[in-house]
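Visitor: I'd like to learn how to read a structure like this one. Could we look at it together?

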Amino acid sequence: MSLKIKAIKNPNINQLNQIKDIYIDAGWWYDYDNIKRLQKIVKKTYLFIIAELDGKIVGMARVISDGVNDAYIQDYAVKKKFRKH
């Protein structure tokens with residue numbers, strides 16, 4: 001098993017669908033959500049991080065910041081079957 005943590009800014013459609021699955025798994029996907037909106041969220045977030053296990057995205061985190069002084073973690077989720085590992 002190979003775990004990689006990396007920041008992304010312009011995810012491809014495959015990555016977006018995997019991130020969407022994490023949002024669904026976390027209970028954060030709503031009727032008004034769609035892939036285009038998710039793409040904007042990733043692109044406009046100060047720092048969007050994914051955790052890949054053997055090439056599949058199993059977790060994500062989103063950081064909001066002014067880029068100077070303050071930052072906070074907005075979202076953090078790991079697919080249920082990969083928690084506590």
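Visitor: Let's start with a pair of side chains. Which side chain does Arg37 meet in a salt bridge?

Guide: Before that, a word on what you're looking at. This is a predicted model, where local features need pLDDT of at least 70, side-chain atom pairs count only at pLDDT 80 or more, and totals for chains, interfaces and linings use all residues. Residues are numbered from 1 along each chain as its sequence is written, and side-chain values use heavy atoms, with hydrogens and water left out. Now, a salt bridge is a side-chain nitrogen of Lys or Arg within 4 Å of a carboxyl oxygen of Asp or Glu. Here Arg37 meets the side chain of Asp33, at 2.5 Å from N to O.

Visitor: Is Asp33 buried or exposed?

Guide: Buried means under 20% relative accessible area, exposed over 50%, and partly exposed in between (1.4 Å probe, protein chains only). Asp33 has 12%, so Asp33 is buried.

Visitor: Where does Asp33 lie?

Guide: Helices (H or I, at least four residues) and strands (E, at least two) are DSSP runs, numbered from the N terminus. Asp33 sits in the loop between helix 1 and helix 2. A polar contact is a pair of N or O atoms within 3.5 Å; within protein, one must be able to donate a hydrogen and the other to accept it, and residues adjacent in sequence count only if both atoms are side-chain atoms. A polar side-chain atom of Asp33 is 2.8 Å from the backbone nitrogen of Tyr30.

Visitor: How many salt bridges does the structure hold?

Guide: Three. Another one joins Glu52 and Lys6, at 3.3 Å from N to O. Glu52 belongs to strand 2 and Lys6 to strand 1, so this pair ties together parts 46 residues apart in sequence. Glu52 is buried at 11%, while Lys6 is partly exposed at 36%. There is also Arg62 with Asp75, whose closest N and O atoms are 2.9 Å apart.

Visitor: How do strand 3 and strand 4 run, and how many bridges join them?

Guide: Two strands pair if DSSP finds at least two bridges between them. Strand 3 and strand 4 run antiparallel, joined by seven bridges. Met60 stands opposite Ala77 of strand 4. The two strands form a hairpin with five residues between them, and Gly67 in the turn has a positive phi of about 80 degrees.

Visitor: Now the helices. Which residues of helix 2 are buried?

Guide: Leu38, Ile41 and Val42. The arc is that of the directions from the helix axis to the C-beta atoms. For these residues of helix 2 it stays within 95 degrees, so they line one face. On the other side, Lys36, Lys40 and Lys44 are exposed.

Visitor: What do the buried residues of helix 2 pack against?

Guide: Contact means heavy atoms within 4.5 Å. The buried residues of helix 2 pack against strand 1, helix 1, strand 2 and strand 3.

Visitor: And what caps the N-terminal end of helix 1?

Guide: Asn12, with a side-chain oxygen 3.0 Å from the backbone nitrogen of Asn14. For helix 2 the cap is Asn34, where a side-chain oxygen lies 3.1 Å from the backbone nitrogen of Lys36. After helix 1 comes Gly27, with a positive phi near 80 degrees.
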